[in-house]
Amino acid sequence: MRGVATFLATFGIGVATYIAIADSGGGSPVCVAGGHGCQTVAESSYSHLLGVNIAIFGIGGYVILLGAALLRGDAARMVGFAVALVGFGYSLYLTYLELFTIDAICQWCVASAILMTLLFAANTTRMLAYVGTER
């Protein structure tokens, strides 16, 4: 599970970094399949929290998840589980906003939500299956 979580967190860092870089340049992520969903989501008031692009918080979360995946022991598993739980919950909230408030879907945001969901599953499995061991 550590290997799976390491891969997913690394990929998540890449996705969140791309979103943050696109925003910092005054633009929005490019929708791979076309359309303007990414631009609509990026221009919404929900794309920033306390004046900071939420992708920056995502990068921080993914970095913590990467660190937790690289470390062994119960403390690392608990940190990974807690951060993945918060990230998963926030991803659900953002997906809800995309579907029912913003009325647009950003493919990069969906990719991040899927990665966070998989990280939540991996970290939950890692925590429950290996608690009390050095794996």
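## Briefing: helix packing in a predicted protein chain

The buried residues of helix H4 pack against helix H2 (37-43), H3 and H5. Here buried means under 20% relative accessible area, exposed means over 50%, and partly exposed lies in between (1.4 Å probe, protein chains only). Helices (H or I, at least four residues) and strands (E, at least two) are DSSP runs numbered from the N terminus. The model is predicted: local features need pLDDT of at least 70, side-chain atom pairs count only at pLDDT 80 or more, and totals for chains, interfaces and linings use all residues. Residues are numbered from 1 along each chain as its sequence is written, and side-chain values use heavy atoms, with hydrogens and water left out.

**Overall build**

- The protein chain has five helices and two strands, in the order α-α-β-β-α-α-α from the N terminus.
- The radius of gyration of the protein chain is 15 Å, close to the 14 Å that the globule rule gives for 135 residues, so the chain is as compact as a globular protein of that length. This radius is taken over C-alpha atoms, and the globule rule is 2.2 Å times the number of residues to the power 0.38.
- Along its principal axes, the C-alpha trace of the protein chain spans about 50 × 30 × 25 Å.
- Of the 135 residues in the protein chain, 39% are buried.
- Among contacts in the protein chain with a separation of 6 or more, 77% join residues 24 or more positions apart; a contact means heavy atoms within 4.5 Å.

**Surface and charge**

- The protein chain exposes about 7,200 Å², and carbon and sulfur atoms supply 72% of that area. Accessible areas come from the Shrake-Rupley method with a 1.4 Å probe, and for residues only the protein chains shown count as cover.
- The 5 positive and 6 negative charges of the protein chain have mean positions 25 Å apart. Lys and Arg count as positive, Asp and Glu as negative, while His and the chain ends are not counted; the place of a charge is NZ of Lys, CZ of Arg, CG of Asp or CD of Glu.

**Helix H3**

- Helix H3 (residues 54-70) has 17 residues and reaches 24 Å from its first C-alpha to its last, close to the 24 Å expected at 1.5 Å a residue. The expected span of a helix is 1.5 Å times one less than its number of residues.
- Ile54, Ala55, Ile59, Gly61, Tyr62, Leu65, Leu66, Ala68 and Ala69 are buried in H3.
- The cover over the buried residues of H3 includes helix H1 (2-24), strand E1 (48-49), strand E2 (52-53), helix H4 (74-102) and helix H5 (107-130).

**Helix H4 and Gly80**

- With 29 residues, H4 reaches 40 Å from its first C-alpha to its last, close to the 42 Å expected at 1.5 Å a residue.
- The buried residues of H4 are Ala76, Arg77, Gly80, Phe81, Ala84, Gly87, Ser91, Leu94, Leu97, Glu98 and Ile102.
- Gly80 sits in helix H4 and counts as buried, at 0% relative accessibility.
- Leaving aside residues up to four places away in sequence, Gly80 touches Leu65, Ala68 and Asn123.
- Gly80 and Leu119 are 39 residues apart along the chain, with their C-alpha atoms separated by 8.6 Å.

**Helix H5**

- H5 has 24 residues and reaches 34 Å from its first C-alpha to its last, close to the 34 Å expected at 1.5 Å a residue.
- Ser112, Ala113, Leu115, Met116, Leu119, Phe120, Ala122, Asn123, Thr124, Arg126 and Met127 are the buried residues of H5, and the buried residues of H5 pack against H1, H3 and H4.

**Loop residues**

- Ser45 lies in the loop between H2 and E1 and is exposed, with a relative accessible area of 62%.
- Leu50 is in the loop between E1 and E2 and is exposed, with a relative accessible area of 81%.
- Leu50 is a residue other than glycine with a positive phi, near 55°.
- The C-alpha atoms of Leu50 and Gly14, 36 residues apart along the chain, are separated by 23 Å.
- Asp103 follows H4 and lies in the loop between H4 and H5.
- Asp103 has a positive phi of about 60° although it is not a glycine, and Asp103 counts as exposed at 62% relative accessibility.
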